[in-house]
Amino acid sequence: MSRRYLFVIDRAPYGDWSGRETLDMALSAAAFDQSLALLFTGQGVHWLRGDQQPKRIEQKTVSRNLSAATIFGIESLYVTKAELDRLGSYVDPGLTLSAIDTVRDLENQFTDVVRL
């Protein structure tokens, strides 16, 4: 059975490094041709915002890091329909997202779920 990994980013993009570390782990796994996807939930949905202005807090935008996902072959970026509706027009138009009904149903499609 081949392994499929779901990396969950549930922390805001700034002020906590676990989201960046999760993305780094996912990119590393993808570089080794592992089958994986990313799920953004909770405060992690703010990674998907297109209107980020991190220079105010002297940080670089995470959107560049996130745009590397497709380059590395990460299959999908998931977010729940409810959270996507909540973000509305703030979603970065450059991202291709897959909306899901429930997190549990998505997790059941993967052999491993990675959450920091």
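Which residue in S5 does Leu6 stand opposite? The points below take up that question along with the sheet, the helices and a few single residues.

1. This is a predicted model, in which local features need pLDDT of at least 70 and side-chain atom pairs count only at pLDDT 80 or more, while totals for chains, interfaces and linings use all residues. Residues are numbered from 1 along each chain as its sequence is written, and side-chain values use heavy atoms, with hydrogens and water left out.

2. The sheet is open and is formed by 5 strands in the order S4-S3-S2-S1-S5, with parallel pairing. Helices (H or I, at least four residues) and strands (E, at least two) are DSSP runs, numbered from the N terminus, and two strands pair if DSSP finds at least two bridges between them. Strand S4 (98-100) and strand S5 (112-115) stand at the edges, each with a single partner strand, so one side of each is left without a neighbour in the sheet. From one strand to the next, the twist averages 30°; angles run from 0 to 180 degrees between N-to-C directions, and axes are lines fitted to C-alpha atoms, for helices over the stretch in contact.

3. To return to the opening question, Leu6 stands opposite Val113 in S5. Strand S1 (residues 4-9) and S5 run parallel and are joined by 4 bridges. Helix H1 packs on the sheet, where it touches S1, strand S2 (35-40) and S5, and its direction makes about 160° with that of S1; contact here means heavy atoms within 4.5 Å.

4. Elsewhere in the sheet, S2 and S3 pair in the parallel sense over 3 bridges, and Leu38 has Leu77 in S3 as its bridge partner. S3 is also joined to S4 by 3 bridges, the two strands running parallel, with Thr80 opposite Ile100 in S4. Both faces of S3 are covered, since Leu77 and Val79 on one side and Tyr78 and Thr80 on the other are all buried; buried means under 20% relative accessible area, exposed over 50%, and partly exposed in between (1.4 Å probe, protein chains only).

5. Helix H1 (residues 18-31) and helix H2 (residues 63-71) pack at an angle of about 20°, with their axes 10 Å apart. That angle makes H1 roughly parallel to H2, given that angles under 35 degrees count as roughly parallel, over 145 as roughly antiparallel, 65 to 115 as roughly perpendicular and the rest as oblique. In the contact, Arg20, Leu23 and Leu27 in H1 meet Asn65, Leu66, Ala68 and Ala69 in H2.

6. Ser18 has its place in helix H1 and counts as buried because its relative accessibility is 10%. Neighbours within four places in sequence left aside, Ser18 is in contact with Arg11 and Leu116. Trp17, by contrast, lies in the loop between S1 and H1, and at 54% relative accessibility it counts as exposed. The C-alpha atoms of Trp17 and Ser89, which are 72 residues apart in sequence, lie 26 Å apart in space.

7. Glu75 lies in the loop between H2 and strand S3 (77-80), and its relative accessibility of 43% places it among residues that count as partly exposed. Apart from neighbours within four places in sequence, Glu75 is in contact with Arg4, Ser35 and Leu36. Between the C-alpha atoms of Glu75 and Phe110, which are 35 residues apart along the chain, the separation is 12 Å.
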